[in-house]
Amino acid sequence: MPAVSKGDGMRGLAVFISDIRNCKSKEAEIKRINKELANIRSKFKGDKALDGYSKKKYVCKLLFIFLLGHDIDFGHMEAVNLLSSNKYTEKQIGYLFISVLVNSNSELIRLINNAIKNDLASRNPTFMCLALHCIANVGSREMGEAFAADIPRILVAGDSMDSVKQSAALCLLRLYKASPDLVPMGEWTARVVHLLNDQHMGVVTAAVSLITCLCKKNPDDFKTCISLAVSRLSRIVSSASTDLQDYTYYFVPAPWLSVKLLRLLQCYPPPEDAAVKGRLVECLETVLNKAQEPPKSKKVQHSNAKNAILFETISLIIHYDSEPNLLVRACNQLGQFLQHRETNLRYLALESMCTLASSEFSHEAVKTHIDTVINALKTERDVSVRQRAADLLYAMCDRSNAKQIVSEMLRYLETADYAIREEIVLKVAILAEKYAVDYSWYVDTILNLIRIAGDYVSEEVWYRVLQIVTNRDDVQGYAAKTVFEALQAPACHENMVKVGGYILGEFGNLIAGDPRSSPPVQFSLLHSKFHLCSVATRALLLSTYIKFINLFPETKATIQGVLRAGSQLRNADVELQQRAVEYLTLSSVASTDVLATVLEEMPPFPERESSILAKLKRKKGPGAGSALDDGRRESSSHDINGGVEPTPSTVSTPSPSADLLGLRAAPPPAAPPAPSGAGNLLVDVFSDGPAAQPSLGPTPEEAFLSELEPPAPESPMALLADPAPAADPGPEDIGPPIPEADELLNKFVCRNNGVLFENQLLQIGVKSEFRQNLGRMYLFYGNKTSVQFQNFSPTVVHPGDLQTHLAVQTKRVASQVDGGAQVQQVLNIECLRDFLTPPLLSVRFRYGGAPQSLTLKLPVTINKFFQPTEMAAQDFFQRWKQLSLPQQEAQKIFKANHPMDAEVTKAKLLGFGSALLDNVDPNPENFVGAGIIQTKALQVGCLLRLEPNAQAQMYRLTLRTSKEPVSRHLCELLAQQF
């Protein structure tokens, strides 16, 4: 850009500005401005033609007057005339005036567009840059329609100067953001990707910004950018600060470009090319290594630039969720920031660790920082940091630390900020329910919650505890005793009175044998709270009183006296008056048998979606409901507790993002009522330890099947749609599986959750859980476009005779999927006998009128029905010898396809489903496992031995089972994981 010489200074403008600044009042300023406007108007209308300098000066004055807040209604034509000048300073002022004062509806827009076209065609880089800046600054649809086709040509032209390419890229980005439909995709898209190799770093930076925006809508068009971005990132990361001297910021080479490249890579799944992926992993490791180095400067700018790259690197590692070593290292690096003196770093570390907690590879590493997070919850001054600490505790909670985390959150609740108390209450209630093994602890926790923060305990919370107590025979007596003691406090919250009234009315007879809690004492205690409660609570207590008459006939006279009192029979509230009259009449007229029938104990509640979890999702915003967003991402703060939930079969602990207890819908209305004790709202059928079953309840298998109901539908009418077996269109009606179907299936052999398929239109996520021969799978179909999918129909197909080996029930999904929306499909799976081929998932829909279809292999393999089996070394070798027939053994020797890491190998074997046996193999480097494949027809015992040879980078895998096809199939499946 040419320098402005001293002769270009406008003395008249400087004098005018000085006069304005020296005005003593608003009136004086207006007077001086009006005088100047009159002078400029006369000059423009005069007979004498103005030279370029005078026009420039007067246009500048008009611009200054406009910026002071005064309307300008003339001078526009003179500004347009300046655009045709060959002097840079005059043309610059013309474009500045146009950018600020001319709107898209102006009559001069055609003249302006012609002037811009002339400058773009002039090949003068300075004039081209001015024109591009004006287009971007105005950014109107009219500008886009006029120049959207020309700018890409300028961008990829071989003779365009670097400054022009940079301006063209940013101008095109501005137009695309304003009107995406106006920017045509064409052959230039392939050429713009190669700008990532440009020598000029400014061009590369602008090109990365443009490609990142474009590839979100058209990912396949820009897929080649992955290798180029990795190559450029590698050069930056491995360079010294002196190599990129002009782009080094406080000893950090090109920090802004590095961050943009890392964000670009987050738009795609991990690179498929092994060389590119290896180079990218090296880059990420280098960034993590540099974070451990001592700072090269004490200035905050150095640490800010360095940390910006580090956090974006961690976001990319979380997004890929496929490199266990990197995930653990990222977690350890974030753990160091948890105690950093800088508040912002602590906040960002807590926020990132929330997402890491949902990964099956890093959940355990996150848990090691529990003491630091608890300390942050207690001592942080900033409320937003404390809230992130609470979110992280919620995310890292599992069965092993639930009591500690719930205890700390309850303690924090006593002093928590009012703005987040309700959210903390909901989280404590969900965790206490989800990880309750001892139900007396659950009851104690919820009553403590009501005592500490009763005002913030919503109806959903205390409704839930009543449902659970009603459905659990073994906790009813304890609940009655505990709530009776809680009600004896001089001042107890009204929610405590509600819970106490319900529980004592149903189960007060279980503690009536103790003289300290005899029926008259119970009634007296409840009635002492009656006059201090709201109408709704009084109505509940009246129902409790009539229940007492049935439970404790000796209290009948006392209670009838209360019901007969004038304050009840003539109560101003219609509900209370009606209850008092009806209950009094019922207790007086009905026989004992009729009374016992009418007032019998409440039946178990049907299992349905946890209303507590639903409320928390609503509170966190729409993003929190997605089961995939937190686990991948999009790591953004709106879905802190999201994520795909690992199951015990992946040797990880469940994420709190989806409550296994709350994902059950109410059974169909036609189902007969469950017997007392059959409905167990708290039993986590996928828990690590055995759950207590009610004596009259169903078998574990029946209980599991009864829970394989889809989540509560959005509309009441959907409740009438029973899950039905999938209507197979037949393999001949669908296309063959996509070429990468086997590769996608292999990703899920040792894991249950993740993204099964993704292209520019559709994303399919999977979350599944298995127990014995039963399984439940959630498929999430996400529309990545802004256009609605029509006739959307996903179907499960059984190739060959698979239907006799595997039963799959599906829930129909909506036939329309709005742009940006996600729908969920539930599959209930039962393994009837061993099988070798997985079922197929056929997805058909119409996008923009064009039919779309794809066929995938559903990630249901025989190892999903593994039951881990522990055994001593003697038992193992005895069984190993029994399975010595040649057809019972399958062995494979193969080369390692991934780095040989003992911890990763162990995680994969556990994820495969078998139990790992310690101190069995004489060689401690070897892995030995045992398990039983559960099918409805029979059980297949399985023993495995994996012998790694680190020096030769080879494995020998041996499997022995009681069935030959199972041995060979399991061997093939497992070998592909290493």
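Helices (H or I, at least four residues) and strands (E, at least two) were assigned as DSSP runs and numbered from the N terminus. Under this scheme, Ile-151 is placed in helix α9 (residues 150-156). The structure is a predicted model, in which local features need pLDDT of at least 70 and side-chain atom pairs count only at pLDDT 80 or more, whereas totals for chains, interfaces and linings use all residues. Residues are numbered from 1 along each chain as its sequence is written, and side-chain values use heavy atoms, with hydrogens and water left out.

The protein chain contains 39 helices and 17 strands. Of its 978 residues, 54% are buried, where buried means under 20% relative accessible area, exposed over 50%, and partly exposed in between (1.4 Å probe, protein chains only). The accessible surface of the chain amounts to about 43300 Å², with 52% belonging to carbon and sulfur atoms; accessible areas come from the Shrake-Rupley method with a 1.4 Å probe, and for residues only the protein chains shown count as cover. Contacts are defined by heavy atoms within 4.5 Å. Among contacts in the protein chain between residues at least 6 apart in sequence, 69% join residues at least 24 apart.

A nonpolar core is a set of buried Ala, Val, Leu, Ile, Met, Phe, Trp, Tyr and Cys residues joined through side-chain atoms within 4.5 Å. The largest such core comprises 213 residues, and Ile-116, Val-192, Leu-449 and Ile-503 have the most contacts inside it. Helix α12 (residues 201-215) gives the most to this core, contributing 11 residues. Another core, of 61 residues, lies apart from it and includes Leu-841, Phe-845, Leu-916 and Phe-927. With neighbours within four places in sequence left aside, Ile-116 is in contact with Tyr-95, Ala-131, Cys-134, Ile-135, Met-143 and Phe-147.

Ile-151 has a relative accessible area of 0% and is therefore buried. Residues up to four places away in sequence not being counted, Ile-151 touches Leu-132, Ile-135, Ala-168, Cys-171, Leu-172 and Leu-175. The C-alpha atoms of Ile-151 and Leu-120 are separated by 8.8 Å, the two residues being 31 residues apart along the chain.

Ala-915 belongs to strand β14 (residues 915-916) and, at a relative accessible area of 4%, is buried. Its C-alpha atom is separated by 5.2 Å from that of Gly-929, which is 14 residues apart from Ala-915 along the chain. When residues up to four places away in sequence are not counted, Ala-915 touches Pro-868, Thr-869, Glu-870, Val-928, Gly-929 and Ala-930.

His-805 is located in the loop between β7 (789-797) and β8 (806-810). Its relative accessible area is 18%, so His-805 counts as buried. A polar atom of the His-805 side chain lies 2.7 Å from the backbone oxygen of Asp-834. Asp-834 is also among the contacts of His-805 beyond its neighbours within four places in sequence, together with Glu-830, Cys-831, Leu-832, Arg-833 and Phe-835.

Ala-254 is found in the loop between β2 (252-253) and α14 (255-265), and Asp-321 in the loop between α16 (300-320) and α17 (324-337). Ala-254 is buried, with a relative accessible area of 5%, and Asp-321 likewise counts as buried, at 12% relative accessibility.

Rings of Phe, Tyr and Trp (its six-membered ring) pair if their centres lie within 6.5 Å; planes under 30 degrees apart count as stacked, over 60 as edge-to-face and the rest as tilted. A search of the whole structure finds 23 aromatic pairs. The rings of Trp-462 and Tyr-463 form an edge-to-face pair because their planes stand at 70°, with centres 4.7 Å apart. Trp-462 is buried at 4% relative accessibility, whereas Tyr-463, with a relative accessible area of 38%, is partly exposed. Elsewhere, Tyr-781, Phe-789, Phe-792, Phe-845 and Tyr-847 are linked by ring pairs into a cluster.

A charge sits over a ring if NZ of Lys or CZ of Arg is within 6 Å of the ring centre and within 35 degrees of the ring normal. The charged end of Lys-91 is placed over the ring of Phe-127, 4.6 Å from its centre. Lys-427 lies over the face of Tyr-394, at 5.3 Å from the ring centre.

Technical notes. Polar contact = N/O pair within 3.5 Å; in protein donor to acceptor, adjacent residues only side chain to side chain.
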